[in-house]
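Subject: Structure handover

Hello,

Here is the structure I said I would pass on. My notes on what was found in it follow below.

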Amino acid sequence: MDASLESSSDLQSQVEEIEALSAIYGDEWCVIDEASRIFCIQISDGIYEPKWSVCLQIILPEDYPSSAPPIYQINAGWLRGPDRIKLSNSLEELYLENVGESILYLWVEKIREFLIERSQCGNTVEGPETGRAVTTEEEDEDWDEGNIPDYSALKLNTEQAHLFSSSSADEELPPIKHGEAITDRRSTFQPHLAPVVTPKQVQRVIDKLYENKKIASATHNIYAYRIYCEDKNTFLQDCEDDGETAAGGRLLHLLQILDVRDVLVVVSRWYGGILLGPDRFKHINNCARNILVQEGYTETMDEASRTGGKSRKPKSKKMK
């Protein structure tokens with residue numbers, strides 16, 4: 001098939017698949033960035049009183065479904081180790097059994113099947129002091145400030161684990177900056193920023209942040225980073241929700257819109273017991289933008305308006 005015809009066919013297949021998923025799953029289906037074909041869906045083990053849930057974030061390549069699989073990330077604070085590997089393997093096996101076909105519906109239902117099986121087995125993942133399953137704000141409206149699980153480390157995507165090998169300790173620790181906190185209805189958001197040029201430096205910064213007991217006890221530590229690879233003229237980038245569904249993708253999208261590079265931004269959120277709804281995403285991104293302005297990675301709104309909306313060339317901070 002001619003490449004242009006195949007590309008057109010892939011695009012049409014994607015449009016039809018997204019429309020179908022939106023109709024099937026309703027509010028569970030979320031468009032993060034339609035132009036970049038980034039989507040996510042909240043999947044749980046039940047309708048009325050779900051015990052387990054995950055967020056499946058998806059990026060659709062231009063040549064999906066004809067010749068490339070979707071790029072995916074499974075976000076769930078409780079999903080770790082063998083369980084994460086088992087679920088990832090089952091999705092990849094499904095793709096291989098259906099190469100060239102639309103796969104997202106099968107993936108969603110496979111994940112739901114995995115969650116139902118886990119629920120029926122009676123498995124629980126408890127915080128060290130709470131004696132309850134680790135959950136997110138949307139899943140438990142009675143969560144209060146005394147019930148904060150103590151995460152010992154941010155869990156990285158299994159797919160990218162090779163980029164964060166044990167030799168990361170040999171990498172120089174970049175300087176870490178801390179921004180002004182935003183508080184709304186007892187929830188507090190605080191940004192942290194570090195210049196990074198390798199994924200191993202990202203891991204070093206995250207490890208260092210978690211040495212701070214206050215940061216380690218945050219309900220969520222959401223992060224995103226972008227590293228410019230000059231030799232390939234491409235970006236190495238990734239994000240983590242840490243249980244705050246879709247927050248990492250939104251934060252990464254902000255970095256993309258501002259066209260910043262060689263930087264890691266982490267936003268810590270301490271939940272205060274009152275649901276904020278969509279305002280929490282606004283606070284996360286405002287925190288991130290404020291520290292990017294503070295450290296000279298982008299302009300303030302006033303500066304942008306004076307330059308006719310053209311942002312300065314993004315900076316790559318050099319290590320001292």
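A salt bridge here is a side-chain nitrogen of Lys or Arg within 4 Å of a carboxyl oxygen of Asp or Glu. Side chains of opposite charge can pair when their charged atoms come close. Arg185 sits in the loop between β6 (182–184) and β7 (187–195), while Asp279 belongs to helix α7 (residues 279–294), so the bridge ties together parts that are 94 residues apart in sequence.

Before the rest, a word on the source. This is a predicted model, in which local features need pLDDT of at least 70, side-chain atom pairs count only at pLDDT 80 or more, and totals for chains, interfaces and linings use all residues. Residues are numbered from 1 along each chain as its sequence is written, and side-chain values use heavy atoms, with hydrogens and water left out.

Confidence

pLDDT is the predictor's confidence in each residue, from 0 to 100. Its mean over the protein is 76, and 75% of the residues reach 70 or more. Residues 123–168 have a pLDDT below 50, and beyond near neighbours in sequence this stretch has 100 contacts in the model; contact means heavy atoms within 4.5 Å. Over residues 301–320 the pLDDT also stays under 50. For that stretch the model has 29 contacts beyond four places in sequence.

Overall

The secondary structure comes to eight helices and 10 strands. Both are DSSP runs numbered from the N terminus: helices are H or I with at least four residues, strands are E with at least two. The protein has 320 residues, of which 47% count as buried. Buried means under 20% relative accessible area, exposed means over 50%, and partly exposed is in between (1.4 Å probe, protein chains only). Among contacts between residues at least 6 apart in sequence, 63% join residues at least 24 apart. The protein exposes about 16,200 Å², and carbon and sulfur atoms supply 49% of this area. Accessible areas come from the Shrake-Rupley method with a 1.4 Å probe, and for residues only the protein chains shown count as cover.

Salt bridges

How many salt bridges does a search of the whole structure find? The count is 11. To return to the pair above, Arg185 is partly exposed at 36% relative accessible area, and Asp279 is partly exposed at 27%. These two also belong to a network of salt bridges that links Asp184, Arg185, Asp279 and Lys282.

Another bridge joins Lys86 and Glu117, with the closest N and O atoms 3.7 Å apart. This pair links distant parts of the chain, 31 residues apart: Lys86 is in helix α2 (residues 81–97) and Glu117 in helix α3 (residues 104–121). Lys86 is partly exposed, at 46%, and Glu117 is partly exposed, at 40%.

Glu113 and Lys110 form a bridge too, their closest N and O atoms being 3.6 Å apart. They are separated by about one helical turn because they lie three residues apart in helix α3. Glu113 has a relative accessible area of 47%, and Lys110 has 25%.

Helix α7

The 16 residues of α7 should span 22 Å at 1.5 Å a residue, and the end C-alpha atoms are 22 Å apart, which agrees. The expected span of a helix is 1.5 Å times one less than its number of residues. Among the buried residues of α7 are Phe281, Ile284, Cys287 and Leu292. Just after the helix, Gly296 takes a positive phi of about 80°.

Leaving out residues up to four places away in sequence, Ile111 touches Ile43, Val54, Leu56, Leu87 and Leu91. Of these, Leu87 is 24 residues from Ile111 in sequence and 7.2 Å away in space, C-alpha to C-alpha.

Thr245 is placed in the loop between β9 (234–240) and α6 (247–258). At 17% relative accessibility, Thr245 also counts as buried. Its contacts, apart from neighbours within four places in sequence, are Gln42, Cys55 and Phe281.

Regards
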